[in-house]
Amino acid sequence: MDKESKRTVNCPGCQKPVAWSKDNRFRPFCSERCQLIDFGEWATEKHSIAGESFYPTEDEDPEQLQ
Ligand SMILES: [Zn+2]
C-alpha cells in the first residue's frame, strides 16, 4: 500500500477530508474558497482585538478628563 499518496487531512474550513498532495496548493484546505474564508475570519478577529485596544472606551474618554 502506498500510504504517502493516500494521506488525507480535514479541511479547517469545512472539515471535509482533503487529499494531502503536492498538487493541492490550498492544503490543508480543500479549496481556495475555504482558505480565504479561514484567513478572513482570522483577519477580522485580529482587527477587532486591535480596534478594541486602540480606541478609548466611553469611560476613558480623554476629552472628558481634561
Ligand atoms: Zn473546505
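**Legends to close-up views of the predicted model**

**View 1. Cys34 is placed in helix α2.** Helices are DSSP runs of H or I with at least four residues, strands are DSSP runs of E with at least two, and both are numbered from the N terminus. This is a predicted model, in which local features need pLDDT of at least 70 and side-chain atom pairs count only at pLDDT 80 or more, whereas totals for chains, interfaces and linings use all residues. Residues are numbered from 1 along each chain as its sequence is written. Cys34 is partly exposed because 19 other C-beta atoms lie within 10 Å; the class covers residues between buried (20 or more other C-beta atoms within 10 Å of the residue's own) and exposed (12 or fewer), with C-beta atoms placed from the backbone. Once neighbours within four places in sequence are set aside, Cys34 is in contact with Cys11, Gly13, Cys14 and Phe29, where contact requires C-beta atoms, placed from the backbone, to lie within 7 Å. Cys14 is 20 residues from Cys34 along the chain, and their C-alpha atoms are separated by 7.1 Å.

**View 2. Ser31 belongs to the loop between β2 and α2.** The residue counts as partly exposed because Ser31 has 15 C-beta neighbours inside 10 Å. Between the C-alpha atoms of Ser31 and Cys14 the separation is 9.9 Å, for two residues that are 17 residues apart along the chain.

**View 3. The peptide bond from Arg27 to Pro28 is cis.** Its omega is near 5 degrees. Arg27 sits in the loop that joins β2 (17-19) to α2 (32-54), and Pro28 is found in the loop between β2 and α2 as well. With 16 other C-beta atoms within 10 Å, Arg27 is therefore partly exposed. Apart from neighbours within four places in sequence, the contacts of Arg27 are Val9, Val18 and Trp20. Thr8 is 19 residues from Arg27 in sequence, and the C-alpha to C-alpha distance of this pair is 9.8 Å.

**View 4. Val9 lies in strand β1 and is in contact with both Arg27 and Pro28.** Val18 and Trp20 complete the list of contacts of Val9, with neighbours within four places in sequence left aside. Val9 and Arg27 are 18 residues apart in sequence, with 8.4 Å from C-alpha to C-alpha. Val9 is assigned to the partly exposed class because 15 C-beta neighbours fall inside 10 Å.

**View 5. Gln15 has a positive phi value.** This phi is near 70 degrees, and Gln15 is a residue other than glycine. Gln15 is located in the loop between β1 (8-10) and β2.

**View 6. The protein chain contains three helices and two strands.** Read from the N terminus, the order of the elements is α-β-β-α-α. Of the 66 residues in the protein chain, 6% are buried. Among contacts in the protein chain with a separation of 6 or more, 8% are between residues 24 or more positions apart.

Methods:
Contact = placed C-beta atoms within 7 Å.
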